[in-house]
Amino acid sequence: HESTSTKCRMKFHVFLPPQAAERKCATLYILSGLTCDDTNFVTKVGAQRAAAAHGLILVMPDTSPREGTQGEEDHPLLGTGAGYYVDATQAPWAEHYQMFSYVTGELIELVEAELPALPAVRSIMGHSMGGHGALVAFLRAEPGSYRSVSALAPVGNPSKVEGAPAWKALSAYLGEDRSQWHAYDSSELIRAYRGPPISILVDQGETDPKRKLLASEELVEAASSNSAVSLNYRLQPGYDHELAFFVATFIDEHIAYHARHL
């Protein structure tokens, strides 16, 4: 579809559970990680089975625009497949890379207008870069916009780990003023959160080779400083970062978690 947010053609995958043939259903938005696209949770994780059991619509957007922005194919961790769910402010990214507005605004309006989705009955989750995107979307939304949030191996504190892929991406998209990054840093958002009590579920593979770069443990420290944020952070022994192993193992638990809130 043509997006007004990104000013280009965007795509997303939808799974409709059998229940959607007879009634409107709640929606779970799933955000994918770095170098992925809108197909990964369908082809590598198999999220459809649990969604069908719980009667949930799954909406899985692409991870970036793919419209020929100058330089977007030059590096595998920047540009195509690496939108980081931010609204870019720097050239050449600012014209098309408006993924935060797209995912949290335009996409929701489209889904609830065109699909059998219950209005305002939605949750959000993601993996890696997508876990970062889900947490940021939830923490920045008006209370009640999302019923629940969860993340698997999320980028937890991108403004802290100098030289990490997320650091480099935010530098390119948002500029060198790190104070501007805090709007897209889950740990900073948790510290600054002043809304009603919220709960967050995070799973992290203990043997994840990207664990230091992700800095998801920083979420624990941030949540400990804010009594309004209840974080269930589960370090999973023996698990890595991969979709087909780590994420596929715990996806049913995450979908069941959201189903209880929806």
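Reply: Cys25 counts as buried because its relative accessibility is 0%, where buried means under 20%. Cys36 also counts as buried, with a relative accessibility of 11%. This is a predicted model, and the values that follow are to be read as computed from it. A disulfide is a covalent bond between the sulfur atoms of two cysteines, and the working cut-off for such a pair is a separation within 2.5 Å. For Cys36 the closest cysteine sulfur is that of Cys8, and because the two sulfurs are 19 Å apart, they are too far from each other for a bond. By the distance rule, the count for the structure comes to zero disulfides.

Along the principal axes, the C-alpha atoms fill a box of roughly 50 × 40 × 35 Å. Burial reaches 55% of the 262 residues, and, among contacts between residues at least 6 apart in sequence, 75% join residues at least 24 apart.

The largest pocket has a volume of about 400 Å³ and is lined by 22 residues, of which Gly33, Leu34, Ser128, Lys210 and His241 lie nearest its centre. Two or more lining residues come from each of α1 (40–45), α5 (165–174), α7 (211–214) and α9 (243–261). Sorted by class, the lining of this pocket has 13 nonpolar, six polar and three charged residues.

Seven of its 10 residues are buried, so α5 is largely enclosed by the rest of the structure. The buried residues of α5 are Ala166, Trp167, Ala169, Leu170, Ser171, Tyr173 and Leu174. As background to reading that list, an α-helix has 3.6 residues a turn, so residues three or four places apart point the same way. After α5 comes Gly175, whose phi is positive, near 95 degrees.

To return to the request, the count of disulfides is zero, and for Cys36 the reason is the 19 Å that lies between its sulfur and the closest cysteine sulfur, in Cys8.

How values were computed: Residues numbered from 1 in each chain as written. Predicted model: local features only at pLDDT ≥ 70, side-chain atom pairs only at ≥ 80, totals over all residues. Heavy atoms only, no water. Buried < 20%, exposed > 50% of the residue type's maximum accessible area, 1.4 Å probe, protein only. 1 Å grid on protein atoms, 1.4 Å probe; cavity = no way out; pocket = protein on both sides within 12 Å on 5 of 7 lines; lining within 4 Å. Points joined across faces, edges and corners; volume = space filled by probe spheres on them. Helix = DSSP H or I, 4+ residues; strand = E, 2+ residues; numbered from the N terminus. Nonpolar A, V, L, I, M, F, W, Y, C, P; charged D, E, K, R; others polar. Contact = heavy atoms within 4.5 Å.
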